[in-house]
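Have the viewer open and follow along.

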Amino acid sequence: MTNFNWLLDGSIVGVYLLVTMIAGLMVRKYVGKVETFLVAGREMDVYLGIASLAATEFGIVTCMYTAQNGYEKGFAGATPGILMALAMAAVGLTGFVIKPLRDSGVMTIPELLEKKFGQRIRWAAGVVIVLGGLLNMGVFLRTGGQFLVLVAGLDVRYLEIMMTVLLVGVAVYTILGGMLSVLVTDFLQFVVMSIGLILVTILILMNVGWEKLVTTVETSYGAGGFNPFVNPTMGWEYVLFNLMLNTAAVLTWQTTIARVLAAKDTRTGRRVYTGTAFFFVCRFMIPGIWGIAALATLGPVANTLEAMPTYLSTAVPAGLMGILIAAMLAADMSTDSSYMLTWCSVIYNDILAPFRKRPWSERKGLFWNRTIIALIGIFLLVYGLWYPLKGDLWTYLGVTGTIYLASISVLLIACCYWRKANSWGAGASIVVSALIPVTYLVMEQLPSTAALAKSIGPYYSGIATYFLSAAAMIVGSLLKPQSHVEGRTA
Amino acid sequence: MPSHWFWWAITVACVVWYSTITVYVAIKGAKDIKSMLARLDATRKKEAEEQ
């Protein structure tokens, strides 16, 4: 039983969906070139960039996992958010990597890598980015659907149909308007999402109360609920791994970098980073508080991932429930549209590059970009919705993310700042960063090595991936002298 | 001062900062969209004339 009221809350959700679709479709007339389609003609300004970046990086899947962190780790569960905010502020203030990246005028990261490491590395980097990104995104749709079903009390039989209709709607405006539609709808979605997040948080703080939240965490987790270094499930290795993971994400996650590349100049891109930095604390703290409130109200539950939506289904009154669901739909739609466009840009710009011996016309380029987005949409439906994922979701997300983040961050830093870096080092780095996480995952599954994998743990394995990926770049580059082909620097 | 002041301060900062930035970005972002579309429209018309 939930507080969702079909007339009141359903109307709020319906109006939101209608306005978003209209706004997304209205800007399609401005799209006549591939550059406008992929990076909005590089006309994005600071505040639109902040709204778009914040909306993109907060989906329902984010809300579910950060709330789960709050439920399972207390306030200490917000540590990754604080680390990401610090990394983003530092990168924005110094321009580390993002300045040379935006100055180069490229549309994707692999395009820049080609200037230093050659065509093959550009292609390989494109494949790694798309594989890691798409496999990561593959689970978004189902997790989002689970949240909506639990909060609104919908019949689980309609989950697939509901999420399919939602994805088709998002795909339509993304296919027609590209980055322009994404930016305009992201803006609306940021406003709706933020209103919902703030109102629900204030309601929880008023109803449950600060002291009860603190007492619950103290009783359940002791000092470890407030300090990640003394939490038995976290420790220094958790903090270090998350620092590396989040710094790599700030530097190379294609949906984040897409905002720097769409910015009207380098200074604007840096200001978008500094302006959005603190949002990443909110991104973990706000759902984290929802998770702690679920722990305080429901007590121990079998499925900690479902604790927060189960709690909200009865804690949020009618009216506000409509705003909450509209907010979560906004979060999910903005993430889906941006992710589809971003991976499309890498497939078109980098993976298909060898097939474009002669430049394609703008018309042909747009046709292929739109086709790729449609294909990504079909992949998401088949892989993420109709094919239920088996196994541990967190390990799955961590592995797919690290495969991409470790190597591409090393390649990008070396490309921008190390003169001696070459394609041998780049190739070695890509192989190493893919090999370690996949080996760890296989070891976890095999009975003979499961105990060893458990004793190593995902955080040490993750830290090793980043260090060894960097070592592979250094050793590979120094072993093989730079060839004539790789003479150009970024 | 409430117990666990660090997390209390972070929580208050999140609610205050997020509420403020939402209103600010909503106003300034709408202006950004307007000027972005105006620039793109001007470029589009210029290119059409050149053709």
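## Ground rules

Axes here are lines fitted to C-alpha atoms, for helices over the stretch in contact, with angles running from 0 to 180 degrees between N-to-C directions. Helices (H or I, at least four residues) and strands (E, at least two) are DSSP runs, numbered from the N terminus.

This is a predicted model in which local features need pLDDT of at least 70 and side-chain atom pairs count only at pLDDT 80 or more, while totals for chains, interfaces and linings use all residues. Residues are numbered from 1 along each chain as its sequence is written, and chains are lettered from A and ligands numbered from 1 in the order in which they are written.

## Helices α12 and α21 of chain A

Helix α12 (residues 235-252) of chain A packs on helix α21 (residues 450-479) of chain A at an angle of about 40°, and their axes are 9 Å apart. α12(A) and α21(A) are therefore oblique to each other (under 35 degrees counts as roughly parallel, over 145 as roughly antiparallel, 65 to 115 as roughly perpendicular, and the rest as oblique).

From α12(A), the contact uses Glu237(A), Tyr238(A), Leu240(A), Phe241(A), Met244(A) and Leu245(A); from α21(A), it uses Tyr459(A), Tyr460(A), Gly462(A), Ile463(A) and Tyr466(A). Two residues are in contact if their C-beta atoms, placed from the backbone, lie within 7 Å.

## Helices α8 and α20 of chain A

For helix α8 (residues 119-137) of chain A and helix α20 (residues 423-445) of chain A, the packing angle is about 20° and the axes are 10 Å apart. α8(A) and α20(A) are therefore roughly parallel to each other.

Here Arg120(A), Ile121(A), Ala124(A) and Val128(A) of α8(A) meet Ser423(A), Ala426(A), Gly427(A) and Ile430(A) of α20(A).

Chain B has one helix and zero strands. Its radius of gyration, taken over C-alpha atoms, is 21 Å, well over the 10 Å that the globule rule gives for 51 residues, so chain B is more spread out than a compact globule. That rule is 2.2 Å times the number of residues to the power 0.38. The C-alpha trace of chain B spans about 70 × 15 × 5 Å along its principal axes.

The contact takes 31 residues from chain A and 27 residues from chain B. On the side of chain A that touches chain B, α3 (46-56), α10 (159-207), α11 (210-221) and α15 (279-298) each supply at least two residues. The largest share of that side, nine residues, comes from α10(A).
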